[in-house]
4 protein chains.
Amino acid sequence: MEALSAADLQLVLDEIAQAMREAPDRGTQACYIPELARVAPDQFGIALCLADGQIVQAGDATTAFSIQSISKVFTLAIALGRLGDQLWARVGREPSGAAFNSIVSLEHDKGIPRNPFVNAGAIAVTDAILQGLQPREVLADLLRFLRMAAEDDDIHINKAVAASELANAHRNLALAEFMAAHGNLRNPSALTLGTYCHQCAVEMSCVQLARAGRFLAGLPGAPRLVSPARIRRINALMLTCGHYDASGDFAYRVGLPGKSGVGGGILAIAPGRASIAVWSPGLNAQGNSKLGSEAMERLARATGWSVFG
Amino acid sequence: MEALSAADLQLVLDEIAQAMREAPDRGTQACYIPELARVAPDQFGIALCLADGQIVQAGDATTAFSIQSISKVFTLAIALGRLGDQLWARVGREPSGAAFNSIVSLEHDKGIPRNPFVNAGAIAVTDAILQGLQPREVLADLLRFLRMAAEDDDIHINKAVAASELANAHRNLALAEFMAAHGNLRNPSALTLGTYCHQCAVEMSCVQLARAGRFLAGLPGAPRLVSPARIRRINALMLTCGHYDASGDFAYRVGLPGKSGVGGGILAIAPGRASIAVWSPGLNAQGNSKLGSEAMERLARATGWSVFG
Amino acid sequence: MEALSAADLQLVLDEIAQAMREAPDRGTQACYIPELARVAPDQFGIALCLADGQIVQAGDATTAFSIQSISKVFTLAIALGRLGDQLWARVGREPSGAAFNSIVSLEHDKGIPRNPFVNAGAIAVTDAILQGLQPREVLADLLRFLRMAAEDDDIHINKAVAASELANAHRNLALAEFMAAHGNLRNPSALTLGTYCHQCAVEMSCVQLARAGRFLAGLPGAPRLVSPARIRRINALMLTCGHYDASGDFAYRVGLPGKSGVGGGILAIAPGRASIAVWSPGLNAQGNSKLGSEAMERLARATGWSVFG
Amino acid sequence: MEALSAADLQLVLDEIAQAMREAPDRGTQACYIPELARVAPDQFGIALCLADGQIVQAGDATTAFSIQSISKVFTLAIALGRLGDQLWARVGREPSGAAFNSIVSLEHDKGIPRNPFVNAGAIAVTDAILQGLQPREVLADLLRFLRMAAEDDDIHINKAVAASELANAHRNLALAEFMAAHGNLRNPSALTLGTYCHQCAVEMSCVQLARAGRFLAGLPGAPRLVSPARIRRINALMLTCGHYDASGDFAYRVGLPGKSGVGGGILAIAPGRASIAVWSPGLNAQGNSKLGSEAMERLARATGWSVFG
């Protein structure tokens, strides 16, 4: 397939945004975090960063939203930078075959989460980078990382969202305490969960998120935050585990490494070509953005950017 | 990374074959099929088909071996050609998070296997293409497909291996009957299993297998057996599900769609670049070729062919 | 509580039969065996054998019905007589916490069923007594045992029901083949399943069944078929495992060892006091006779026969 | 079997105590609660309360030990007295088929524990009686209940043990938070767990425990704390669920309702005949007192007190 120009892509994004604006079924917003349930449901945004540094966008691409689990990609990058392969003693690298918050496989695997993108795994990663530090230091590091990656200082944590999540964190606390029972939590669960809920409450727009993902796409102008070998591995994890028990379906339909968040955002990586962010608050049955997933599928079809040929 | 010439790649393969020859731990051969347990353990072969049609090989690359589960890729291609997306009513597209022969998720999912590459899923695929046909017709179709793909008529089924498998097929029979109990088997289980065991008993060399995989890599000279959209999807399934509960690890280490067989073979696809086959009979704990996995990892590192950047 | 006379008990049974006749919701008949689905749904029978040998009955107590899984109690008695405690190498003695036909715990426990009353366990028991014999010999032994126990030669196998079951035995075949894969089936699964389906197709009336259960109640006049120590153990297994995943509820409500069958029958044992049989074809959600369970609860309340004080 | 006199039973207990004193393998003490791991391992005590009010004892029958999970029987009695059958909306009545601290079935059953004797179920029961009260009130109620039941005021909570448990309660916290996530915990988990750990830390001797169990055996002179109908039901639950995943085995070997604790104690009930307490700190693989279980089996054999005939 011929390379598409930024102008071509603008047409593609406009068409997608138009189709999404008219979508009859927009999914259902996450209801367990009251702050997220309040977001206006009829929003949709999409943004691309291309290899030449250009940004193409459509819809509500500059509206900030709660990145939620997309943050797990960035904390994983930080944790690998700090601990290297030692991290894999505490978390696996296999798809879980179960829902994002399942505790079943955690019992089967004696407290070792299946991968860094299910909730238990992300909590273990946060716990790992928290060691020896204060929560505010870890969160400052994360914001610094995100701002460097996006080259944009206007990235913040929404404390009301963080508080709302922390007040509804029973299931995540269960996961944390279960790991603690197996010696796979090093900090008090309240401290780790507090940090985790704040990390999930980072707010970014599609444009900011697409810019922050450039380093994973290995784009020429992107800040060099992680080695190429590690980038490949993070992308591999996103592809196999980034959409919970719909990861296989996303790989099948879109064919790009991606990570979704319950706030309705998705970050996807077309290696060497583009970093892509999409957002729409309503979720499908697997907890991934309904319109976001559809938009990604349309984009992949239009561009031929699938990593699978 | 600069494109590697065939001569460069020959050096890479020679080095890999040399290292594999000296490997102290070669894994353990599958013991539940007596015919496979008898294969000489110290063999290793590797072969690549490149975009320009050249073949590069090293080691025992022309020795035929039992392709076993690698056959699942080809029967999937045939089934998609015949049934199209209707196939997905009978089998899912998600990694299973469990061993290749697990029956647990089958009960959870009411007789619908997680994906076409776990045993239950492959049996369902074979059952689907068997409908209205005789086993020998299905097997003739498969051989025809493989011979066309490899452009080599010297591809056969080892009947002694098939018989040996059929005599030890209790667990696969359990999977088949369990699906039958949920209405997800249309032929008598003996008929479907008989076909399945013969399909697994196809023998090919690394060179033949690499040639047969060209259509999945979308190489210019390859026979056009499947549409590009479908190729992407088969590759996606191989990447997320091709190595059972080590699929995540293979994606992480190698970064290519691949499918392993208990006979010690692995087929991997570098889209647009190469089709790769490797073989060594000893298996690791997850049932994938031990030296084959290591060789793939070395090759991916040397070539930079990972789909992940 | 004072001992109840046969005349008192007749009044109790008449009252129960009357209430059951008027019950608005009679449950749902098993539909996976066509022959059982054809039984007239409005039938109800109950019969007691007392310590003094008297029989008290009400309703359709002399109508023969398919005893189905109640046969598992008698084959267990035969198997223990033949193999003694060696039987426990092939089947456990714990409640399963899962449905009667679940295969999940079988994978967890490497082919050893949880207890002799889940389907897998009963199949293993039948397989154990089949060893070295022909199916017709095993079935002749079972009929001989039942006729001796009931002191009634008019007990037979309904071959149409057996054939109907065998034609719908996919799930049981899956259990058998799964056990075979773990070396816990010694005969061809077709042979064991054929025997099992015939054993389930024995037909008895409530009066016959109550008489056949006298030896388990240790009633003075009962044939001595099993030692007192073994009787206690069979009763213990009935109490903890006799009603699948409603065993705890039956113990809670009725407080007697009991075994249900999908034909709508229940055999219950009041040690030293009575052997009780009840029958009504409609089943509740757990696969136990709906009115039969209710009748047993009423009887236990009226008589104070609970083993629990 | 003829009724045994107190003198006969004294001989039986002496013989059992002698055999237990010489037992070569005494099991392994619970190690996750440091305070319990420190108890001298070579202790063994046994005590019976008979229908005529006599107490028979042998060994270390007046040494106080940590009753641990045996407390669950008493809090269940209190909860049923306070909430009646409404309690069953929050906890089931079926054997779990899994270990005492498993979280798997809790996910399957959406936060409703299988029965009141697995840890999750007991935590739910404690949470139920805590509603509207302070922990110290609940604990005062429990001590009052126990002292009335045993007619002995010298029953206390060991606060060091309670603190030790609370410091190692990660897994129980996981269970509590998981239930909270499903709306099946009404108090803050720290409050419920604090109460639960103190309830488990009650200390009683075999004599005290046997006396406290008289009401469950329905002995003539026992305090009337619970209705006969409810007693039967508590006994039924003890028989089916009282020994976790060894409940079936205890029913098979001993044939009496019983409840074990990780401190090495077991309470068993011979309805109408006796209340029995035994204690020895070493545990078997299922977490029940090794010598205690053996002693119960010997006692049941010697007395013929099995409820199963």
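How many residues does the contact take from chain C and from chain B? It takes twelve from chain C and twelve from chain B. This is a predicted model.

## Where chain C meets chain B

Start with the side of chain C that touches chain B. Two helices of chain C, α4 (104-108) and α8 (170-181), each supply at least two residues to that side. The largest share comes from α8(C), with eight residues.

Now sort that side of chain C by class. Seven of its residues are nonpolar, two are polar and three are charged.

## Where chain B meets chain A

Here 35 residues of chain B are in contact with 35 residues of chain A. On the chain B side, the elements giving two or more residues are α12 (228-241) and α13 (247-253). The largest share belongs to α12(B), which brings ten residues.

What classes of residue make up the side of chain B that touches chain A? There are 15 nonpolar, 13 polar and seven charged residues.

## Chains without contact

Some pairs of chains do not touch. No contact joins chain A and chain C. Their closest C-alpha atoms lie 11 Å apart. Chain B and chain D have no contact either, and their closest C-alpha atoms are 10 Å apart.

## Chain A as a whole

Chain A holds 14 helices and eight strands. Its radius of gyration is 18 Å, close to the 19 Å that the globule rule gives for 309 residues, so chain A is as compact as a globular protein of that length. Along its principal axes, the C-alpha trace of chain A spans about 55 × 40 × 35 Å.

Of the 309 residues of chain A, 65% count as buried. Next, look at contacts in chain A between residues at least 6 apart in sequence. Of these, 70% join residues at least 24 apart.

Helix α3 of chain A runs over residues 71-83 and has 13 residues. From first C-alpha to last, α3(A) reaches 18 Å, close to the 18 Å expected at 1.5 Å a residue. After α3(A) comes G84(A), with a positive phi near 60°.

Is α3(A) mostly covered or mostly uncovered? It is mostly covered, with ten of its 13 residues buried. Among the buried residues of α3(A) are V73(A), F74(A), L76(A) and I78(A). K72(A) is also one of the buried residues.

## A buried valine: V207 of chain A

V207(A) sits in helix α10 of chain A, residues 206-212. Why does V207(A) count as buried? It has 23 C-beta neighbours inside 10 Å, so it counts as buried.

Which residues touch V207(A), leaving aside neighbours within four places in sequence? They are A47(A), I55(A), Q57(A), A61(A) and T62(A). V207(A) and I269(A) are 62 residues apart along the chain, and their C-alpha atoms are separated by 14 Å.

## Two helices crossing in chain D

In chain D, helix α5 (residues 119-130) packs with helix α8 (residues 170-181). The angle between α5(D) and α8(D) is about 65°, and their axes are 10 Å apart. The crossing of α5(D) and α8(D) is right-handed.

From α5(D) come N119(D), A120(D), I123(D) and A124(D). They meet N172(D), L175(D), A176(D) and M179(D) in α8(D). By class, this contact of α5(D) with α8(D) has six nonpolar, two polar and no charged residues. An α-helix has 3.6 residues a turn, so residues three or four places apart point the same way.

Definitions and conventions:
Residues numbered from 1 in each chain as written. Chains lettered and ligands numbered in written order. Predicted model: local features only at pLDDT ≥ 70, side-chain atom pairs only at ≥ 80, totals over all residues. Axes fitted to C-alpha atoms, helices over the stretch in contact; angles between N-to-C directions. Helix = DSSP H or I, 4+ residues; strand = E, 2+ residues; numbered from the N terminus. Left-handed = near helix turned anticlockwise from the far one by under 90°. Contact = placed C-beta atoms within 7 Å. Nonpolar A, V, L, I, M, F, W, Y, C, P; charged D, E, K, R; others polar. Expected span 1.5 Å × (residues − 1). Buried ≥ 20, exposed ≤ 12 C-beta atoms within 10 Å, placed from the backbone. Rg over C-alpha atoms; globule rule 2.2 N^0.38 Å.
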